[in-house]
Amino acid sequence: MGDRLYGYAGKIARIDLTNSAVELIPTSKYVPEYIGGRSVCNRIFWEEVQPGVGAFDPENKLIYMTGPTTATGIPTGGRTVFTGISPNSWPEQYCWSGIGGWFGAELKFAGYDGLILEGKAPAHTYLYIEDGDIRFLPAEPLWGLMVHPAQKKLEELHGKNVKSIVIGPAGENLMRNASITTSNDNVAAKSGFGAVFGSKNLKAITVRGTGAVYPADIKKLYALRKKMGEPYMRPSPVVREETHGMDQNAIPVEGGWLRGQVACSHGCNQHCCRLMMNMKSAFGDARINQVEKCVGIFAYGFQQDCSWTPIQSFETEQNHFLPCKMLSQEMPPIDMSDPHVTALFEKVPGDTVNYWKPDFDKGSVMMDMCNEYGIDKWDVIVWFMTWLSMAKKEGLLDDLDFGMEPDVENEEFVKYFLDMITYRKGKYGPVFAEGMARAIRTLGKEKYGDTIYRGRFSQVKPGVRLDLPVSLETAWGHSYHWQGRGFEGSIPKPGWLATSLELMTSTRDCQTVEHHHQKYEEYLQFRGDPCHSLLLVDGVIMNQNKAELKDSVTSCEWQSPDLFWPEMEAEAFTAATGIPMTERQLNAAAERSRLLFRAILMRNFGRDRDMEVGAVFPSMQYPDPWGETVSWEDWNDLVDLYYERRGWDKKTGWPTRETFERYGLKDVADALETLGKLPS
Ligand code: SF4
């Protein structure tokens, strides 16, 4: 890689919490073959964590990696990733969680591309990293503090220039939905890794770096900034909004509210996050600012699921942008000369679900509690609260004495419930602190999970009631997301078949990094018979590989995949590192990473076809807004096509030796063969 290192900082620090010891590993052991980010994590986990380890065991390794673009100034490079065994997936499995903020860039300025967190500290501990110096410090001044007070305390202790990631009380108390949080409310939340921090007695990591990270090609970097920024890059002044939310969830806000748009992470020239100013706090009278995006909108009112328009998934060259831009209110102008423009922007209204009426202040309180306790907002809004609402309406809560009348429309109950589960109080705190998937099973799945909620009505077939289980559960201990039912349920069958295939081969709700995108002209070809379409399968594989790259190069869900600029990630990689890379080569690296993920699941967690088909198929037996489901035969035909296209054995779902070797993973194939896990 030459004398001067471009893109990478050059070292990964292995942090042995049990013995307060540090070992430095050259990043070049893994790159460029494994790119960076999640891809490097997958290789390390494959080499170092054997079967039989649980999420809270000291042997579980939480691996944190930046990408080669992190800290170079390439937009989206500030995104970083954690991987490890997730306590929040059902059953526990290897998983990942992306996180933005400024911590990753600062870590690289200190000289590290990543951290391998292993063992368990003998007492409450936090790490202080100052360039080459990594210290294990007693966390007593921090333990018990909520997220922002902990961030503030670290600044008091180490100066304003440090960047920290911390857990709140939820992580300390091993709540399985606990997040790890940056100072600007960015979270690694989906996998519950905050609880893994807690299990290791690790409260926080604080870093100060005074070095530099050099991009290889500064001219290309400028060009990328310009091109990736268009047409969204524009000043985002603070504006006063009179209403909040959309459709039936819209709320008139008396006196208005103040909104700004801010970037989520270091170096980005986009403004994807809402800065909500002067909001109501859950803790005292002081008004607060919050940074939110996406699902947070529904905290304030949830009468109707997200609506959907084809442009959100299926795009033309004239009209293509990633749908979350709409949430940022940063949409480019629509090209009306597009022959498909009418169909592309035709709105499919979300199902009416009647979970809770709009209440701006209550929504703010709910968000504040998630931020401060360090809980995954997604699970709170789309799972705990929706379950409470549905279960109450179906009379399921009559036998459960929470110590307060359950009512998700009552701000005091929302506070009471989140406090109860965060601190594991009373009879039901410990039950729900295990997350909804486990809580439902503890309470009794037949009654508390499978009971049909009778309050969901289609708006594409007005007045038609649609069965929806109160569990809202899909697969791997996660709730519906862009799957034709539940949250963002108005996507039609070809779309939810694609997202279900993505979910099936994953270990969590992967839609936060794998929203399905494909060309509209392809959609027109497969929408009549999606279960027998190689085009759809190729679209799934493309989205999965791009997701791998988003967490490896890094890029992000707000920017990728750009269907009409597929070389974007390869260009960013080369600009950062100086290493020539074509789109095709980078796609092969994504395949390699994906295969490692598959191999880990096979070896450590028994993954095979029966397991994953059995996990996801039941969730598609409830009707989508059109009343559609998928038959066992059709679903298995689609799975066959997918496995074949991936080079996996159709019977077992295991990749063949030839497939592993094509991507340079002979050693992995050999190891799996020894275990009897290579297709014969
Ligand atoms: S989410 Fe937005 S601000 Fe964050 S990295 Fe992506 S494009 Fe940049």
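Student: In which helix do E661 and R657 both lie?

Tutor: Good place to start! This is a predicted model, where local features need pLDDT of at least 70, side-chain atom pairs count only at pLDDT 80 or more, and totals for chains, interfaces and linings use all residues. Residues are numbered from 1 along each chain as its sequence is written, and side-chain values use heavy atoms, leaving out hydrogens and water. Helices are DSSP runs (H or I, at least four residues), numbered from the N terminus. E661 and R657 sit four residues apart, about one turn of the helix, and the helix that holds both is α23 (residues 657–662).

Student: Is R43 buried or exposed?

Tutor: R43 forms a salt bridge with E47, and both lie in helix α1 (residues 37–48). Buried means under 20% relative accessible area, exposed over 50%, and partly exposed in between (1.4 Å probe, protein chains only). E47, at 33%, is partly exposed. R43 has a relative accessible area of 9%, so R43 is buried.

Student: Which residue meets K447 in a salt bridge?

Tutor: K447 is in helix α14 (residues 445–448), and its partner is in the loop between α10 (377–393) and α11 (411–422), 48 residues apart. The N to O distance is 3.1 Å, and the partner is D399.

Note on methods. Salt bridge = Lys/Arg side-chain N within 4 Å of Asp/Glu carboxyl O. Helix = DSSP H or I, 4+ residues; strand = E, 2+ residues; numbered from the N terminus.
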